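This briefing sets out selected features of one structure, grouped by topic. Please read it alongside the sequence and the coordinates shown below.

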Amino acid sequence: MRERLPVRVVRAVARVVVPVACPGCGREDVRWCEACVAAWWEDPWRAEHNAARLDIVGRPPLPVWVVAPLAGGAHGMIAGWKDGGRRDLDGLFADAAERLGRRVAPAVASVPGPWVVVPAPARRASTRRRGEDLPLLLARAVARGLAQGGIRADVRPALAIGAGEQRRRSAGDRWRAMRSAVTVQASLPPGSPVLIVDDVVTTGATLAACVAALEGVGSPVVAALALAAVERVAGDAHAGLW
Ligand SMILES: [Zn+2]
C-alpha cells in the first residue's frame, strides 16, 4: 500500500496546479480579486508621452491607447500573466483588449481602411515558454472590438524579432539592437493603415522598432494599443521590467 503524502505536500502541489492567489495583490484563495480586476475596465487613456523611446524622427507622434497604468495590482496581474504562468487570465485580458478596441474605434474611424492589426513580435522563446503568443491573442481581441465599433480589420502577425543577448547590454545598446531586430516577415496590403497591439508599453523602444519596420515597407502605422503603460513620474528614470 502506498504511503500517504503529508498534507503540506498535497497543499503545495494543489497550489501549483490550481492558482489560489490574486496575482495583483497576493490575496489568497481567489483566482483574482475585484479590486485588481477593476483596473482593466477603466476607459482607455493616451500613453505616448510616457514612452521616452517612442519619439520617432520624421513622423508625427504615435497615439498609444492603454487601459491601465503599469503599477500596483495591474502590474502584478500582467506580470503573472506574462511570466508567472497565469494563463487562466487569457480570457480576462482578451476581454479587456476587445473593449479597448471597441472604445478606440471611433477615434480612428475617419481613416479609410481596410485596416490591419499587427501584433508586436513575441520572442520565440517567450511564446514557447508561455504556450501562446500573447500579443497575437490580444490583437485578435482588439480586432473583435474594432469590428463592434464598425471597423473591419485583418489580423496579420507580420513582425518578427530576432533572439538576442539583451540582458548584458546597456539600455542604449538594447535600443539600437531592437531597432534592427524587428523585421517584417509577411506582406501587408499596400498602404493599409496599421494598428499595432502589444501587451505593455514601457520605454516605447519596441513600438518604435515596429513602426520603423512597418513604415519601411510602406505600411503607415496610425496608432498602437496596449493593455498597460508606465506612468511618467518626474525625475524617475524608469528601470523597466521588460
Ligand atoms: Zn487583488
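Which residues of α6 are buried? They are Leu-134, Pro-135, Leu-136, Leu-137, Leu-138, Ala-139, Ala-141, Val-142, Ala-143, Gly-145 and Leu-146. The model under discussion is predicted.

**Helix α6**

- Helix α6 covers residues 134-148, and its 15 residues should span 21 Å at 1.5 Å a residue. The C-alpha atoms at its ends are 22 Å apart, in agreement with that expectation.
- Because 11 of the 15 residues of α6 are buried, the helix is largely enclosed by the rest of the structure.
- At the start of α6, the backbone nitrogen of Leu-136 has a side-chain oxygen of Asp-133 within 3.1 Å. Leu-136 is also one of the buried residues of the helix.
- Gly-150 follows α6 and has a positive phi, near 90°.

- For reference, the ideal angle for four tetrahedral donors is 109.5 degrees.
- Cys-25, with a relative accessible area of 47%, is partly exposed.
- The structure has zero disulfides when a pair of cysteine sulfur atoms must lie within 2.5 Å to qualify.
- Glu-34 also lies in helix α2, and its relative accessibility of 74% makes it exposed. Its C-alpha atom is separated by 9.5 Å from that of Cys-22, a residue 12 positions away along the chain.

**Aromatic pairs**

- Two aromatic pairs are found in a search of the whole structure.
- One of them joins Trp-40 and Phe-93, with ring centres 4.9 Å apart and planes at 90°, so the pair is edge-to-face. Trp-40 is in the loop between α2 and β1 (45-46), while Phe-93 is in helix α4 (residues 90-108), so the contact ties together parts that are 53 residues apart in sequence. Both Trp-40 and Phe-93 are buried.
- Trp-81 and Phe-93 form a tilted pair, at 4.7 Å centre to centre with 45° between the planes. Trp-81 lies in helix α3 (residues 72-83) and Phe-93 in helix α4, so this pair ties together parts that are 12 residues apart in sequence. Trp-81 is buried, as is Phe-93.
- Through these ring pairs, Trp-40, Trp-81 and Phe-93 are linked into a cluster.

How values were computed. Residues numbered from 1 in each chain as written. Predicted model: local features only at pLDDT ≥ 70, side-chain atom pairs only at ≥ 80, totals over all residues. Heavy atoms only, no water. Helix = DSSP H or I, 4+ residues; strand = E, 2+ residues; numbered from the N terminus. Expected span 1.5 Å × (residues − 1). Buried < 20%, exposed > 50% of the residue type's maximum accessible area, 1.4 Å probe, protein only. Polar contact = N/O pair within 3.5 Å; in protein donor to acceptor, adjacent residues only side chain to side chain. Phe/Tyr/Trp six-rings, centres within 6.5 Å; stacked < 30°, edge-to-face > 60°.
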